[in-house]
Amino acid sequence: MHFTCLPQKFPLTFPQSWSRALHLSLLHLPLFYLSVSYRSHACRHTQFQHSLPPFTKEEAINISHLVFGIGGSANIWQKRRYYTELWWRPNATRGFLWLEQEIPATETWPQTLPPYKISGNTTSFKYTCQYGTRSQIRLARILKETFEVGLQNVRWFVMGDDDTVFFPENLVTVLAKYDHNEMYYIGGNSESVEQDVIHSYAMAYGGGGFAVSYALAAEVVKNLDGCIDRYANLYGSDQKIQGCIGEIGVPITKELGFHQVDVHDNLYGLLAAHPVAPLVSLHHLDYVEPMFPNTNRVDSVKKLISGYEMDPDRILQRSMCYDLRRNWTVSVSWGYSVELYHFLSTENELEAPLRTFRTWRSWSEGPFTFNTRTERTDPCERPVVFFLDRVESVGEGERTWSTYVRYDDVLHKDINKCVVPAVGVQYVNVSASKFMPELWKKVTRKFSLILSTCVSCI
């Protein structure tokens, strides 16, 4: 068998069989040696190493250095709790869920959620946005109120909504790149251009979550209340926060792993072509279809987290390989899905998400803040899709073994000769080494810029 593997994201190797099971191996060596091997054949290695300048020596950041300020409501907390419970770690994560009023005496607050606090009275504040609600004032003040609780040994304040799903280890990995003693405002934009035009490209969207360094928070809270009044015309709490931070002169630092999810329909295309960045957050999951077929929304997130917990940094990171004898292309989004194409495709094409979703406001096919590609109607141009079934740790915890099962609904009724060979592949096994968080610090460019092509033959 002849095949070529292009490790634009993270390298793969194909062992022996393409029959009913497809076996892949993901390798990621510490100094980015990128290679592909088949049986006893070896490939050339290309080495890249880039390091960020070190910060002053101190204890390495961990989850205890973060404090979460979550905006919620006493009226809907019972519905939204299931998302927060998926990522909140009692006795490990720190923070509060802020409500507008006490919960009914007949309800018991579960230990699986952050402790709740009642927001201060905001009736004296101005709010002149005609299409918004005054609750945005209360939500904007969560940063100030969380700061004023006075928890010790805090480096970052992380704001989010009660339907935001955070991936805490990856959030720590991202924040570790920055000095909390400096002023940083870190987050992401909306995926829908129409939202960014109406609100702002300079803003970290609150549903996707954003992080404020302790140094910046200490400065912002001094004048936040007056600043909120100055921006009474702005709709959202995140807009008001950005306005106040902008007055200090601190711009947004964008990280691609924060996801506002300002889209409708199916999130598949975004998840199967995630950018080269740790997955930090997902939002608006009640407004898109479940991420996995034949499950509800909460169970879909649980399944994604099952892969995430096995290898947090590798979740959704993508690799490509080729079978030159069958002219197949395989794209793996680790911990989520595998796509099998019946033709040879380039990384440049497949790195753009399939447009399985629509814009937030107008339900249009675009534009988005990234390139997309159209779903093809010709079966020969559509991938056979396999979704994650299970993940387990192997090799004394140094590797993972994940299995992806074919999703029959993507095999169309008009199957023709180009698809038939792929029908024999019932599932895909992927063997992967654990992705160490330190590797992110050594990369200063996209993995797709690391060029290493290996060909093996028998």
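Seven strands of this predicted model form an open sheet, in the order 6-5-4-7-10-9-11 and with mixed pairing. Two strands count as paired if DSSP finds at least two bridges between them. At the edges of the sheet lie strand 6 (116-118) and strand 11 (253-254), and each pairs on one side only. Inside that order, strand 7 (residues 156-161) and strand 10 (residues 210-213) run antiparallel to each other over 4 bridges, and Met159 has Phe210 in strand 10 as its bridge partner.

Residues are numbered from 1 along each chain as its sequence is written. Because this is a predicted model, local features need pLDDT of at least 70 and side-chain atom pairs count only at pLDDT 80 or more, while totals for chains, interfaces and linings use all residues; side-chain values use heavy atoms, with hydrogens and water left out.

**The chain as a whole**

The chain has 12 helices and 21 strands; these are DSSP runs numbered from the N terminus, with helices (H or I) of at least four residues and strands (E) of at least two. Of its 458 residues, 55% are buried, where buried means under 20% relative accessible area, exposed over 50%, and partly exposed in between (1.4 Å probe, protein chains only). The accessible surface comes to about 19600 Å², and 51% of it belongs to carbon and sulfur atoms; areas come from the Shrake-Rupley method with a 1.4 Å probe, and for residues only the protein chains shown count as cover. Among contacts with a separation of 6 or more, 70% join residues 24 or more positions apart, a contact being heavy atoms within 4.5 Å.

**Cores and helix 1**

The largest nonpolar core has 74 residues, and Leu66, Phe68, Leu171, Leu282, Leu304 and Tyr336 have the most contacts inside it. Strand 18 (residues 384-394) gives the most to this core, with 6 residues. Apart from it lies another core of 32 residues, including Ile142, Val154, Val221 and Ile252. A nonpolar core here is a set of buried Ala, Val, Leu, Ile, Met, Phe, Trp, Tyr and Cys residues joined through side-chain atoms within 4.5 Å.

Phe68 touches Trp87, Trp88, Phe96 and Leu171, among others, not counting residues up to four places away in sequence. Trp87 is also one of the buried residues of helix 1 (residues 77-87), along with Trp77, Arg80, Arg81, Tyr83, Thr84 and Leu86. Their cover includes strand 4 (66-71), strand 8 (165-166), helix 4 (168-175) and helix 9 (297-310).

Strand 15 (residues 328-333) has 6 of its 6 residues buried, so it is largely enclosed by the rest of the structure. Trp328, Val330 and Val332 are buried on one side, and Thr329, Ser331 and Ser333 on the other.

| Hairpin | Residues between strands | Residue with positive phi |
|---|---|---|
| Strand 14 and strand 15 | 4 residues | Asn327, about 60° |
| Strand 15 and strand 16 | 3 residues | Gly335, near 80° |

**Ser431**

Ser431 sits in strand 20 (residues 427-433) and is buried, with a relative accessible area of 12%. Its side chain makes a polar contact of 3.0 Å with the side chain of Arg399. Such a contact is a pair of N or O atoms within 3.5 Å; within protein, one must be able to donate a hydrogen and the other to accept it, and residues adjacent in sequence count only if both atoms are side-chain atoms.
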